[in-house]
Amino acid sequence: MSTIDIHAFHTLSHEEALNAADELSIDLAEKFGIDYGWEDEVIHFERPGVNGQILVQENELIIQANVGILLMMLKTPIEQEIVWYLEEHFGCSFD
């Protein structure tokens, strides 16, 4: 099992960040067949071989996912899609 761990910093209002995170989830769902749902300010997502969460905070997004062995080849494309989306839609910076 491999892990995706992304910490991104944004300057959006909290409501804008929640809306953008929802759009990110929709994008990932369409491109990678991922199911997702909200629990308070956390988006939980999964598909066979991948599961994780997106925590939306005031100025930060924390994205963590576990990628199973059979889908390790999707780890890099998923990470790239997340980073691209965060840069384009959130104006995020990364540590």
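View 1. Strands here are DSSP runs of E with at least two residues, helices are runs of H or I with at least four, and both are numbered from the N terminus. Y36 counts as partly exposed because its relative accessibility is 33%; buried means under 20% relative accessible area, exposed over 50%, and partly exposed in between (1.4 Å probe, protein chains only). This is a predicted model, in which local features need pLDDT of at least 70, side-chain atom pairs count only at pLDDT 80 or more, and totals for chains, interfaces and linings use all residues. Residues are numbered from 1 along each chain as its sequence is written, and side-chain values use heavy atoms, leaving out hydrogens and water.

**View 2. The fold from end to end.** Two helices and six strands make up the elements of the protein. Starting at the N terminus, their order is β-α-β-β-β-β-α-β. The C-alpha trace spans about 40 × 25 × 20 Å along its principal axes.

**View 3. Inside the protein.** Of the 95 residues in the protein, 40% are buried. Now look at contacts (heavy atoms within 4.5 Å): among those between residues at least 6 apart in sequence, 56% join residues at least 24 apart.
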